[in-house]
Amino acid sequence: MLVLSPAKAVRPSAMQSTLVFFMVASAVATLAVLARGIIIMARGQDVTGEQSNRMMSLRVALQALAIFFIVILFLINRPG
(Lines give C-alpha, C1' and ligand atoms only; values in the text may rest on other atoms or scores of the structure.)
Protein backbone atom coordinates (compact mmCIF):
# COMPACT_ATOMS: atom_id res chain seq x y z
CA MET A 1 0.00 0.00 0.00
CA LEU A 2 1.27 3.44 -0.95
CA VAL A 3 1.01 6.03 1.80
CA LEU A 4 1.43 9.64 0.84
CA SER A 5 2.55 12.06 3.47
CA PRO A 6 1.03 15.51 3.47
CA ALA A 7 3.10 18.06 1.60
CA LYS A 8 4.89 20.57 3.74
CA ALA A 9 4.25 24.19 2.96
CA VAL A 10 7.37 25.77 1.57
CA ARG A 11 7.77 29.38 2.51
CA PRO A 12 9.51 31.47 -0.16
CA SER A 13 12.71 33.19 0.84
CA ALA A 14 13.08 36.95 0.91
CA MET A 15 15.08 36.82 -2.32
CA GLN A 16 12.34 34.86 -4.09
CA SER A 17 9.67 37.27 -2.89
CA THR A 18 11.76 40.23 -4.03
CA LEU A 19 12.33 38.67 -7.46
CA VAL A 20 8.63 37.96 -7.87
CA PHE A 21 7.83 41.55 -6.91
CA PHE A 22 10.31 42.95 -9.46
CA MET A 23 9.09 40.51 -12.11
CA VAL A 24 5.48 41.62 -11.62
CA ALA A 25 6.50 45.29 -11.49
CA SER A 26 8.43 45.04 -14.76
CA ALA A 27 5.53 43.18 -16.41
CA VAL A 28 3.07 45.88 -15.30
CA ALA A 29 5.46 48.59 -16.51
CA THR A 30 5.70 46.80 -19.86
CA LEU A 31 1.92 46.74 -20.13
CA ALA A 32 1.71 50.44 -19.26
CA VAL A 33 4.30 51.39 -21.90
CA LEU A 34 2.52 49.21 -24.47
CA ALA A 35 -0.81 50.89 -23.70
CA ARG A 36 0.76 54.34 -23.89
CA GLY A 37 2.34 53.54 -27.25
CA ILE A 38 -0.97 52.27 -28.64
CA ILE A 39 -2.78 55.39 -27.42
CA ILE A 40 -0.15 57.65 -29.00
CA MET A 41 -0.46 55.81 -32.32
CA ALA A 42 -4.28 55.79 -32.20
CA ARG A 43 -4.51 59.53 -31.57
CA GLY A 44 -2.13 60.28 -34.43
CA GLN A 45 -0.09 62.66 -32.28
CA ASP A 46 3.24 61.22 -33.36
CA VAL A 47 3.73 62.44 -36.92
CA THR A 48 7.45 61.61 -37.15
CA GLY A 49 7.23 58.29 -35.30
CA GLU A 50 9.87 59.35 -32.78
CA GLN A 51 7.65 58.77 -29.74
CA SER A 52 6.47 55.42 -31.09
CA ASN A 53 10.05 54.27 -31.57
CA ARG A 54 10.98 55.41 -28.07
CA MET A 55 7.96 53.59 -26.58
CA MET A 56 8.83 50.42 -28.53
CA SER A 57 12.45 50.53 -27.34
CA LEU A 58 11.36 51.05 -23.75
CA ARG A 59 8.86 48.18 -24.03
CA VAL A 60 11.51 45.82 -25.37
CA ALA A 61 13.89 46.79 -22.56
CA LEU A 62 11.22 46.23 -19.91
CA GLN A 63 10.30 42.86 -21.44
CA ALA A 64 13.97 41.85 -21.32
CA LEU A 65 14.11 42.88 -17.67
CA ALA A 66 11.00 40.82 -16.86
CA ILE A 67 12.48 37.79 -18.64
CA PHE A 68 15.74 38.28 -16.74
CA PHE A 69 13.88 38.15 -13.41
CA ILE A 70 11.97 35.04 -14.52
CA VAL A 71 15.19 33.25 -15.50
CA ILE A 72 16.87 34.16 -12.19
CA LEU A 73 13.80 32.93 -10.30
CA PHE A 74 13.88 29.61 -12.17
CA LEU A 75 17.60 29.22 -11.50
CA ILE A 76 17.11 29.83 -7.77
CA ASN A 77 14.18 27.41 -7.54
CA ARG A 78 15.61 24.51 -9.47
CA PRO A 79 16.17 21.38 -7.40
CA GLY A 80 19.61 20.13 -6.56
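This is a predicted model: local features need pLDDT of at least 70, side-chain atom pairs count only at pLDDT 80 or more; totals for chains, interfaces and linings use all residues.

Trainee: How many helices and strands does the secondary structure of the protein comprise?

Mentor: The helices are H1, covering residues 14-43, and H2, covering residues 50-77. Strands must be counted as well, and the secondary structure comes to 2 helices and 0 strands.

Trainee: What is the distance between the end C-alpha atoms of H1, and what span should its residues give?

Mentor: H1 has 30 residues, and at 1.5 Å a residue they should span 44 Å.

Trainee: How far does H2 reach from its first C-alpha to its last?

Mentor: H2 has 28 residues, for which 40 Å is expected at 1.5 Å a residue. The computed reach is close to that figure, at 41 Å.

Trainee: Which residue follows H1, and what is its phi?

Mentor: The residue that follows H1 is Gly 44. Its phi is positive, near 75°.

Trainee: Which residues of H1 are buried, and what is included in their cover?

Mentor: The buried residues of H1 are Gln 16, Leu 19, Ser 26, Thr 30, Val 33, Gly 37 and Ile 40. In an α-helix there are 3.6 residues a turn, so residues three or four places apart point the same way. The cover over the buried residues of H1 includes H2.

Trainee: Against which element do the buried residues of H2 pack?

Mentor: In H2, the buried residues are Ser 52, Met 55, Leu 62, Ala 66, Phe 69 and Leu 73. These buried residues pack against H1.

Trainee: Is Ser 26 buried or exposed, and which residues does it contact beyond its neighbours within four places in sequence?

Mentor: Ser 26 is found in helix H1. Buried means under 20% relative accessible area, and Ser 26 counts as buried because its relative accessibility is 4%. The C-alpha atoms of Ser 26 and Phe 69 are 8.9 Å apart, although 43 residues separate them along the chain. Once its neighbours within four places are set aside, Ser 26 is in contact with Leu 62, Leu 65, Ala 66 and Phe 69.

Trainee: What is the C-alpha separation of Phe 68 and Met 23?

Mentor: Phe 68 lies in helix H2 and counts as partly exposed, with a relative accessibility of 47%. Phe 68 and Met 23 are 45 residues apart along the chain, and their C-alpha atoms are separated by 8.4 Å.

Trainee: What is the distance in space between Leu 58 and Leu 34, C-alpha to C-alpha?

Mentor: Leu 58 lies in helix H2 and is partly exposed, its relative accessible area being 39%. Leu 58 and Leu 34 are 24 residues apart in sequence, and from C-alpha to C-alpha the distance is 9.1 Å.

Trainee: Which elements give two or more residues to the lining of the largest pocket?

Mentor: The largest pocket holds about 150 Å³ of space. Its lining consists of Val 33, Leu 34, Gly 37, Ile 38, Met 41, Ser 52, Asn 53, Met 55, Met 56 and Arg 59. By residue class, the lining divides into 6 nonpolar, 3 polar and 1 charged. The elements giving two or more residues to this lining are helix H1 and helix H2.

Trainee: What share of the contacts with a separation of 6 or more comes from residues 24 or more positions apart?

Mentor: Of the 80 residues in the protein, 19% are buried. Among contacts with a separation of 6 or more, the share from residues 24 or more positions apart is 74%.

Conventions:
Residues are numbered from 1 along each chain as its sequence is written. Side-chain values use heavy atoms; hydrogens and water are left out. On a 1 Å grid over the protein atoms alone, a cavity is a set of points where a 1.4 Å probe fits but cannot get out, and a pocket is an open set with protein on both sides within 12 Å along at least five of seven lines; lining residues have an atom within 4 Å of a point. Grid points are joined across faces, edges and corners, and a volume is the space filled by probe spheres set on the points. Helices (H or I, at least four residues) and strands (E, at least two) are DSSP runs, numbered from the N terminus. Ala, Val, Leu, Ile, Met, Phe, Trp, Tyr, Cys and Pro count as nonpolar, Asp, Glu, Lys and Arg as charged, and the others, Gly among them, as polar. Buried means under 20% relative accessible area, exposed over 50%, partly exposed in between (1.4 Å probe, protein chains only). Contact means heavy atoms within 4.5 Å. The expected span of a helix is 1.5 Å times one less than its number of residues.
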